[in-house]
Amino acid sequence: VLLCLPPHTKDITVAECSGGPNTEALMKGIYRETGIEEVCQKYDIPIHYQMNAAVVEPIDPLICRKIEVLDVFTEAEVFINLAKMKTHSLTAVTGAAKNLYGLITGLRKVEQHANYPKIDDFAALICDINKAVPTDLSIVDGILGMEKDGPSGGDPKWAYGILGGVNPHAVDEAM
């Protein structure tokens, strides 16, 4: 889950961009199933359902000069990145930096995996995304993480911790 909000206000938007066609119906189902919809309704927080992309350019790119990401994050005054601690079949772990891959809209994720199938190239893409859309705060929920067969299948693993910081790579290093 990724949050964006302007400073000194109660204006918060919750946005997520899972893999797949990213229709509004699919995203509503994901938010409902994960409990995010219920929390947002309770606190009157809007959920962003639109999957419009904006082109961003990382500073000093490693591998990708232009990246299409969910537009709401390019418009946010404050960007809080909320990640879940888990394993990943390609990158070994998913934390704060890898969570920004979630900015890539829908089926573009499959395309980017095909464009960058090697671990070093994919890791460079993750770095470029982090350069192009910097976060103000990254938090990794490791209270109950996941190990083996990630990113979508695996076994629950109690790690009993929450990590956070302004640099997603430093947060991941601590993780």
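A: Tyr-31 is buried, at 0% relative accessibility, where buried means under 20% relative accessible area, exposed over 50%, and partly exposed in between, with a 1.4 Å probe and protein chains only. Bear in mind that this is a predicted model: local features need pLDDT of at least 70, side-chain atom pairs count only at pLDDT 80 or more, and totals for chains, interfaces and linings use all residues. Residues are numbered from 1 along each chain as its sequence is written, and side-chain values use heavy atoms, with hydrogens and water left out.

Now for the partner. Tyr-31 and Tyr-49 form an edge-to-face aromatic pair, 5.8 Å centre to centre with 75 degrees between the planes. (Rings of Phe, Tyr and Trp, the last by its six-membered ring, pair if their centres lie within 6.5 Å; planes under 30 degrees apart count as stacked, over 60 as edge-to-face and the rest as tilted.) Tyr-31 sits in helix α1 and Tyr-49 in the loop between β3 (47-48) and β4 (53-56), so the pair ties together parts that are 18 residues apart in sequence. Helices (H or I, at least four residues) and strands (E, at least two) are DSSP runs, numbered from the N terminus. Tyr-49 counts as buried too, at 18% relative accessibility.

Tyr-49 has another neighbour: the charged end of Lys-28 sits over its ring, 5.4 Å from the centre. That label applies if NZ of Lys or CZ of Arg is within 6 Å of the ring centre and within 35 degrees of the ring normal.

For contrast, look at another of the four aromatic pairs in the structure. Trp-158 and Tyr-160 are stacked, 5.6 Å centre to centre and 20 degrees between the planes. Here Trp-158 is partly exposed at 49% relative accessible area, while Tyr-160 is exposed at 66%.

Back to α1, then. Helix α1 (24-34) supplies at least two residues of the largest nonpolar core, which has 30 residues; among those with the most contacts inside it are Ile-67, Phe-73 and Leu-125. Such a core is a set of buried Ala, Val, Leu, Ile, Met, Phe, Trp, Tyr and Cys residues joined through side-chain atoms within 4.5 Å. The largest share of this core, five residues, comes from α6. Apart from it lies another core, of five residues, including Ala-83 and Met-85.
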